[in-house]
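Welcome, and please have your viewer ready. We will go through a few selections one by one, with a word on what to find at each stop.

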Amino acid sequence: MAEPPLLDRRALNRALLARQHLLERTDTSAVEVVGHLVGMQAQNAWSPYVGLWSRVEGFTHADLGDALLDRRLARIAVMRGTIHLVDAADALLLPGLVAPLYARDLEVNTLHAAPLRTVDLAAVTALARELVEAEPRVSTALGTLLAERWPHVPPQTLAHAARGTLPLVQVPPRGVWGRSGATTWTTTAAWFGPDAAAAAPDLSDPGVLAAEQERLVLRYLAAFGPASVLDVQAWSGLSGLAAVVARLGDRVVRFTADPSPGKVRPREVLDLPDAPRPPADVPAPVRFLPDLDNVLLSHADRTRVVADEHRRALQSPNGVVPGTVLVDGVVAATWRVERVRVEETGARRRRERATLVVEPFGGLTAHDRRDVVAEAERFVAFFADDAVGHDVVVR
């Protein structure tokens with residue numbers, strides 16, 4: 001049998017960038033892009049705005065803010081136990097597919113597992129559903145109300161149980177650019193309506209569940225492939241997906257990829273037969289990414305887009321992760337915006353001037369520096385749209 005074709009890291013990089021709309025911005029809508037990407041990391045409300053600006057031609061803040069307000073998009077905890085921006089269909093589907101991840105957390109969580117063993121978890125879930133569907137609730141209020149029924153359990157533990165057993169949407173205005181609000185929850189059924197909830201796949205049917213698991217892997221490959229089983233598991237937070245992949249048969253093709261760092265043997269990676277795999281020498285433009293972009297988080301071996309030493313440099317003791325800059329397709333710098341208060345002449349209103357600071361990991365060529373500055377000047381005007389002036393500094 002012939003060996004599968006070999007893909008080096010640069011080929012994997014260009015394939016990933018093409019599917020992520022990072023080789024060339026797309027003219028499709030932000031909602032369609034979010035659906036194609038199977039959601040975008042959104043622990044920080046501003047993060048998907050940056051990710052979409054770098055992917056969608058002509059993207060504006062209102063494109064996302066309006067989609068949150070009219071319920072075409074929503075923020076909800078799904079893959080890896082983290083908040084994602086997803087479209088309405090995925091908000092109704094993905095919580096059920098990743099439910100084992102949350103069930104496991106409730107069993108082993110160091111803060112909450114022990115007290116939760118003293119309550120009827122199904123009863124907690126039922127009351128929590130009733131409370132958040134009556135009106136959206138902030139976490140502290142929900143926990144306090146639940147503690148009236150179970151006073152021996154800490155309120156924050158009861159709220160955690162609700163988040164782990166119910167598909168809870170974070171309702172606007174939180175997540176809308178330029179607006180703020182406490183994290184407030186309701187269920188997907190209450191937010192999208194009973195008709196939409198009823199139309200979602202019935203994952204209690206084993207056949208439907210199996211089909212949706214397979215479709216999820218195929219969608220992952222369309223957005224992040226070529227990739228291995230371990231990559232899919234790293235992205236989703238789920239384990240045991242080898243059995244799902246084995247059922248895909250000729251719906252996927254197989255390649256050999258460069259070994260992971262520290263490994264000797266090449267890896268098998270899977271892909272969709274007709275997915276884009278551009279030549280490895282296709283130019284990749286400078287792109288600014290948010291602090292937590294799924295392009296950096298969705299593979300077990302992330303070296304196709306960020307070197308291990310740079311990935312370690314992005315980690316910090318307080319959990320704050322900087323935004324990153326792709327140069328020639330890989331993470332080559334971090335960015336931050338610094339603001340200085342200024343006073344406008346005549347208006348006597350105190351406003352801010354914003355400076356985008358780019359910190360390369362190493363030296364940039366003169367050509368790359370020019371490209372970084374040009375993209376940075378466009379980006380800071382978008383990101384700091386409320387500032388009275390903008391500057392760019394590349395260290």
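A pocket, as the word is used here, is an open set of grid points with protein on both sides within 12 Å along at least five of seven lines. Keep in mind that this is a predicted model.

**First stop: the largest pocket.** The space in the largest pocket comes to about 490 Å³. Select Ala 77, Tyr 102, Arg 163, Gly 164 and Leu 166, which are the closest to its centre among the 24 lining residues. Now colour strand E3 (73-77), helix H6 (99-108), helix H10 (155-165) and strand E6 (168-170), the elements that each give two or more residues to the lining. H6 provides the largest share, six residues. Sorted by class, the lining has 13 nonpolar, eight polar and three charged residues.

**Next stop: helix H13.** Select residues 206-224 to bring up H13. This helix has 19 residues and reaches 27 Å from first to last C-alpha, close to the 27 Å expected. At its N-terminal end, show Asp 205 as a cap: one of its side-chain oxygens lies 2.8 Å from the backbone nitrogen of Gly 207. The buried residues of H13, including Leu 216, Leu 218 and Phe 224, pack against helices H1, H2, H5, H14 and H15 and strand E9.

How values were computed. Residues are numbered from 1 along each chain as its sequence is written. This is a predicted model: local features need pLDDT of at least 70, side-chain atom pairs count only at pLDDT 80 or more; totals for chains, interfaces and linings use all residues. Side-chain values use heavy atoms; hydrogens and water are left out. Helices (H or I, at least four residues) and strands (E, at least two) are DSSP runs, numbered from the N terminus. The expected span of a helix is 1.5 Å times one less than its number of residues. Buried means under 20% relative accessible area, exposed over 50%, partly exposed in between (1.4 Å probe, protein chains only). Contact means heavy atoms within 4.5 Å. A polar contact is a pair of N or O atoms within 3.5 Å; within protein, one must be able to donate a hydrogen and the other to accept it, and residues adjacent in sequence count only if both atoms are side-chain atoms. On a 1 Å grid over the protein atoms alone, a cavity is a set of points where a 1.4 Å probe fits but cannot get out, and a pocket is an open set with protein on both sides within 12 Å along at least five of seven lines; lining residues have an atom within 4 Å of a point. Grid points are joined across faces, edges and corners, and a volume is the space filled by probe spheres set on the points. Ala, Val, Leu, Ile, Met, Phe, Trp, Tyr, Cys and Pro count as nonpolar, Asp, Glu, Lys and Arg as charged, and the others, Gly among them, as polar.
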